[in-house]
Amino acid sequence: HDFNMQTLAGFQQAASEAGIALYPNRFQIDVEDEASLRRCIDRAMVGPVLPTAFFCTVDVYAINAMRYLHTRGFRVPQDISVVGIDDVAMSRYVIPSLTTLRVDRKHMIQLGLDMLEQLAAGTACGNQTLPAPLLICRESAAAPRSRQ
């Protein structure tokens, strides 16, 4: 949940800096499984204008979101783009292939282990800055459709 909240805060900051106004119902952080993902998508789709994209905190949710959008008659990315985080192997093979943010898991794990080692030794550990993720552009994202 903390990762979701931090991701949301970063997303909101980036949208604000880009001058993008977002409807409050667009932020859905209650995803725990496929059923809750569907409910979150349904809530995000309410409003006078459909969203142009979904940004999911993990690739598995993004892939499930693409499948659910398909069952609702939406085309990815022609109608709605979908982006995930992780760059799991499966993201390359789904159709359309998933646009995602690749995070350096090995570096994250090493930082975490170093922090645990410091704590075990009785030394306080400070905050760590992770390297920026790498955007992997694939087929699930496109320029927003025109709003007619």
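Helices (H or I, at least four residues) and strands (E, at least two) are DSSP runs, numbered from the N terminus. In these terms, P77 is placed in the loop between α3 and β2. The model described here is predicted. The chain contains 4 helices and 4 strands, and its elements follow the order α-α-β-α-β-β-α-β from the N terminus on.

**The chain as a whole**

- The C-alpha atoms occupy a box of roughly 60 × 30 × 30 Å, taken along the principal axes.
- The chain has 148 residues, of which 32% are buried.
- Among the contacts with a separation of 6 or more, 62% are between residues 24 or more positions apart.

**The pair of helices α2 and α3**

- Helix α2 covers residues 34–44 and helix α3 covers residues 59–71; their axes come within 10 Å and cross at roughly 60 degrees.
- The crossing of α2 past α3 is right-handed.
- On the α2 side the contact involves E34, L37, R38, I41 and D42, and on the α3 side it involves Y61, N64, A65, Y68 and L69.
- Sorted by class, this contact of α2 with α3 consists of 6 nonpolar, 1 polar and 3 charged residues.

**The largest pocket**

- The volume of the largest pocket is about 1000 Å³.
- The pocket is lined by 36 residues, and those closest to its centre are F11, R26, A53, F54 and F55.
- At least two lining residues come from each of α1 (2–17), α2, β1 (53–55) and β2 (81–85).
- The element that gives the most to this lining is α1, with 6 residues.
- By class, the lining of the largest pocket comprises 28 nonpolar, 6 polar and 2 charged residues.

**The second largest pocket**

- The second largest pocket holds about 660 Å³ of space.
- It has 18 lining residues, and the closest to its centre are F3, Q6, T7, L130 and P133.
- Helix α1 gives the most to the lining of this second largest pocket, with 7 residues.
- The lining of the second largest pocket divides into 12 nonpolar, 4 polar and 2 charged residues.

**I85 and the residues that follow**

- I85 belongs to strand β2.
- Why is I85 classed as buried? Its relative accessible area is 7%, and buried means under 20%.
- Leaving aside residues up to four places away in sequence, I85 touches F3, T7, F55, C56, T57, V58, D59, T100, L101 and V103.
- I85 and L98 are 13 residues apart along the chain, and their C-alpha atoms are separated by 9.6 Å.
- D86 is in the loop between β2 and β3, and D87 is in the loop between β2 and β3 as well.
- D86 is buried, with a relative accessible area of 17%, and D87 is buried, with a value of 9%.
- Most residues other than glycine have a negative phi.
- Against that background, the phi of D86 is positive, near 140 degrees, and the phi of D87 is positive, near 60 degrees.

**Two cis peptide bonds**

- Most peptide bonds are trans.
- The peptide bond from V76 to P77 is cis, with omega near 5 degrees.
- The peptide bond from I95 to P96 is cis, with omega near -5 degrees.
- P96 is located in the loop between β2 and β3 (99–102).

- Is P77 buried or exposed? P77 is buried, because its relative accessible area is 14%, and the limit for buried is under 20%.
- P77 touches E139, S140, A141 and A142, with residues up to four places away in sequence not counted.
- P77 and T99 lie 22 residues apart in sequence, and their C-alpha atoms are 10 Å apart in space.
- A21 is found in the loop between α1 and α2.
- A21 is exposed, because its relative accessible area is 75%, and exposed means over 50%.
- A21 and A142 are 121 residues apart in sequence, with 19 Å between their C-alpha atoms.

Note on methods
Residues are numbered from 1 along each chain as its sequence is written. This is a predicted model: local features need pLDDT of at least 70, side-chain atom pairs count only at pLDDT 80 or more; totals for chains, interfaces and linings use all residues. Side-chain values use heavy atoms; hydrogens and water are left out. Axes are lines fitted to C-alpha atoms, for helices over the stretch in contact, and angles run from 0 to 180 degrees between N-to-C directions. A crossing is left-handed if the near helix is turned anticlockwise from the far one by less than a right angle, and right-handed if clockwise. Contact means heavy atoms within 4.5 Å. Ala, Val, Leu, Ile, Met, Phe, Trp, Tyr, Cys and Pro count as nonpolar, Asp, Glu, Lys and Arg as charged, and the others, Gly among them, as polar. On a 1 Å grid over the protein atoms alone, a cavity is a set of points where a 1.4 Å probe fits but cannot get out, and a pocket is an open set with protein on both sides within 12 Å along at least five of seven lines; lining residues have an atom within 4 Å of a point. Grid points are joined across faces, edges and corners, and a volume is the space filled by probe spheres set on the points. Buried means under 20% relative accessible area, exposed over 50%, partly exposed in between (1.4 Å probe, protein chains only).
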